[in-house]
Amino acid sequence: MKTYSSKLYLFVAILTSLLVSFFQDEINPYYFQIIIYIGINIILATSLNLINGFAGQFSLGHAGFMSLGAYTASLVSSTLHASSGNPVDILILPLALLLGGAVAALAGLLVGIPTLRLKGDYLAITTLGFGEIIRVVIQNLNFLGGARGFTGIPKLANFFWVFSVVSIVVFAISNLINSTYGKGFLAVRDDEIAAQAMGINTTKYKVIAFITGAFFAGIAGGLYAHFISYINPQQFSFIKSIEIVVMVIIGGMGSTVGVIIAAIVLTILPEALRGIAEYRMVIYSLMLVVIMISRPQGLFGKSFRLKELVAKFRRPPMSA
Amino acid sequence: MNILELKECCMKFGGLTAVSELNVEIGSTDLVGMIGPNGAGKTTVFNMITGIYQPTSGSVVFDRQEINDFRPYEIVAAGIARTFQNIRLFPNLTVFENVQVSLNKSLKHGFSHSILQLKNFHKEEHSVRETIMEILTIFKLEGVKDELATSLPYGDQRRVEIVRAIATKPKLLLLDEPAAGMNPTEKVDLMRLIKSVKEQFNIAILLIEHDMKVVMGICERIFVLDYGVKIAEGTPGQIKNNPKVIEAYLGEVVS
Ligand SMILES: Nc1ncnc2c1ncn2[C@@H]1O[C@H](COP(=O)(O)OP(=O)(O)O)[C@@H](O)[C@H]1O
Ligand SMILES: [Mg+2]
């Protein structure tokens, strides 16, 4: 069983992140920034994939969770960082990220519960509204910088932190989905009534998906803030939520590998198209349209299941 | 001992009374049939028992415990499993995974154990896998375990649904028109399957079925619903010759 070695993969991935981070100053700063954004987008997209792709709850509020994490973490680190300069410094970022994740997770719980009765479009609109409410509230909170934004966030996030979190999120979500416990999410997505009738507490699973997804989005927000050191509410508008949803859909709802690839491609693409500045967004959008028409299930969605392909080639005879 | 008792159960949808003052008793190893014309309220009875609907009045007693207020998943935990009139397999899951969902409820490990794969996680996952393979082998589905459940022929899908229900280890199994859409050979297989399930697992079965050959062939006792009212109950022989039943069914043919 391959899950036996998943802890080893995680260990190797984190170690690699650490090694690479020693050389991060050698990398061209522009490319380096793109690489970090790729990491952050992978965290956002795979965590949203838990809610949208695996648990089947269409959420459009991921940027809201992200901003809660970003602002909470920034508040924590700015407060602690100012007053220190000693060896505990290294603990400031993880602490800030965890608190940011926790606040986002709490919001996930608060959004999760009332939206349980909603499905499809209604749920999407409600979560979209939730994200916008958070943005507007932050815009009016002076101690968070209001519309001007939050400045002077210590630049603590580096390659190591971002890609360790990427590894942890991918590890956590893959383990979850491959486990018998995690099959509950897929059952809720595929048929809620049947899931209940097979003993699944569907309410609990939906809320857990929201809490877990929000937690990781919060952490992604914290990493983002501590990388660019300045955040403002506009960065977390519903456009950001849609960007993440697009990664999930293009990657193929419910395929972790697909969603990771989509996050990479869709982070690089707008940058690669910078040369033709004014047509950039047109081409970007056009590509999305073409992909959606030719592969509505996403690049790696449903019908790209290796198991299934193999099964098709050697379909065993049915026994009576 | 009765495993299930419906006492004066009513189910109203607005002005429509789908089930009216229904009394039913099922013993712990009975194989009982429920028949009646379309729209008689049979599926509604199942939905009342399994917590999808709450009875408007009356009480559902399972294993000496009133379960009216139980949520559907709590009812499964108490020991009732069901299949659906319109097959409801998980379309994106394989046959194996469809059965795996049913074992979720009896897991000892939860969220954090599954993510961190803490101690005993692998042991329990391993035993879950073994249990699934055992069940699949009993029902001769091990050869298609990695196929999408909904890609199987219709008769096999019905079988997977029954297997999935059994995997929850029920004391009472509710089957909603399991023979619907099957060809005669598949029906014969189904009858054999239902009988063997009852014997192997020593459980009670309540079966809704339109095909009289199937119902009369395997049920020890049958009750008849018409417009939500129980109009007859007895052995297959008694039911066959009951004038009220004949009338209810003739009524359907005419209309
Ligand atoms: N959720 C519901 N809302 C309104 N009416 C319903 C609902 N469920 C069932 N009914 C009605 O109850 C009656 C019995 O339906 P059903 O139990 O499905 O019949 P059967 O399974 O015997 O064919 C029908 O008239 C049906 O339209
Ligand atoms: Mg019915």
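**Ligand site and sheet**

Author: In this predicted model, the shell around ligand 1 divides into 6 nonpolar, 5 polar and 1 charged residues.

Reader: Which residues are around ligand 1?

Author: The residues around ligand 1 include Phe13(B), Leu16(B), Ala18(B), Pro37(B), Lys42(B) and Tyr53(B). Gly39(B), Thr43(B) and Thr44(B) are also among them.

Reader: Which element gives the largest share of that shell?

Author: Helix 1 of chain B does, with 3 residues.

Reader: What lies 2.6 Å from an oxygen atom of ligand 1?

Author: That is a polar side-chain atom of Thr44(B). In Thr43(B), a side-chain N or O atom is 2.8 Å from an oxygen atom of the ligand. For Gly39(B), a polar backbone atom is 2.8 Å from an oxygen atom of ligand 1.

Reader: And how much of the ligand's accessible area does the protein cover?

Author: On its own, ligand 1 has 560 Å² of accessible area, and the protein covers 63% of that.

Reader: Turning to the sheet, what is the strand order?

Author: The sheet is open, with 6 strands of chain B in the order 6-7-8-3-9-10 and mixed pairing. Its edge strands are strand 6 (80-82) and strand 10 (229-234) of chain B.

Reader: In which sense do strand 7 and strand 8 of chain B pair?

Author: Strand 7 and strand 8 of chain B pair in the parallel sense over 5 bridges. Leu207(B), in strand 8, is the bridge partner of Leu175(B).

Reader: Which strands does helix 7 of chain B touch?

Author: Helix 7 (residues 184-201) of chain B packs on the sheet and touches strand 3, strand 7 and strand 8 of chain B. The direction of helix 7 makes about 155 degrees with that of strand 8 of chain B.

Terms used:
Residues numbered from 1 in each chain as written. Chains lettered and ligands numbered in written order. Predicted model: local features only at pLDDT ≥ 70, side-chain atom pairs only at ≥ 80, totals over all residues. Heavy atoms only, no water. Near = heavy atom within 4 Å. Polar contact = N/O pair within 3.5 Å; in protein donor to acceptor, adjacent residues only side chain to side chain. Areas by Shrake-Rupley, 256 points an atom, 1.4 Å probe, with all protein chains shown as cover. Helix = DSSP H or I, 4+ residues; strand = E, 2+ residues; numbered from the N terminus. Nonpolar A, V, L, I, M, F, W, Y, C, P; charged D, E, K, R; others polar. Pairing = 2+ DSSP bridges. Contact = heavy atoms within 4.5 Å. Axes fitted to C-alpha atoms, helices over the stretch in contact; angles between N-to-C directions.
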